[in-house]
Amino acid sequence: PIEWDVPVSVFGVTVRPGQLIHADKHGFMVIPEEDEEKLLEATEFMDEMERKHTIVPGKEGAGASFADIVKAMGEAGKA
């Protein structure tokens, strides 16, 4: 039988109706209800860090040597 609005267990983790989850190729996590209010601020911070320290050095590193890429990533981390 199919049931709606009931807790489910996924890989040993209980997810209740209405809970937020994050899922990607690495797995999933249930966002604790007490952290939901801070979620937007946290995701904006993580997005900024990824753009600054991963995407930009990666784009700028096209055709560069490994040593130059490592140097650029180190300099980006100091900013």
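**Exercise 1.** Decide whether Q19 is buried or exposed.

*Solution.* Q19 has a relative accessibility of 16% and therefore counts as buried, a class that means under 20% relative accessible area, whereas exposed means over 50% and partly exposed lies in between (1.4 Å probe, protein chains only). The model is predicted, so that local features need pLDDT of at least 70 and side-chain atom pairs count only at pLDDT 80 or more, while totals for chains, interfaces and linings use all residues. Residues are numbered from 1 along each chain as its sequence is written, and side-chain values use heavy atoms, with hydrogens and water left out.

**Exercise 2.** Describe the surroundings of Q19.

*Solution.* Begin with the location: Q19 sits in the loop between strand 2 (13–15) and strand 3, strands being DSSP runs of E with at least two residues, numbered from the N terminus. Next, the side chain of Q19 reaches the backbone nitrogen of R16 at 2.7 Å. Finally, leaving aside residues up to four places away in sequence, Q19 touches T14, V30, I31 and E33, where contact means heavy atoms within 4.5 Å.

**Exercise 3.** Work out how strand 3 is joined to strand 4.

*Solution.* Strand 3 (residues 21–24) and strand 4 (residues 27–30) run antiparallel and are joined by four bridges; two strands pair if DSSP finds at least two bridges between them. The two strands form a hairpin with two residues between them, and, as one example of the pairing, H22 has M29 of strand 4 as its bridge partner.

Terms used: Polar contact = N/O pair within 3.5 Å; in protein donor to acceptor, adjacent residues only side chain to side chain.
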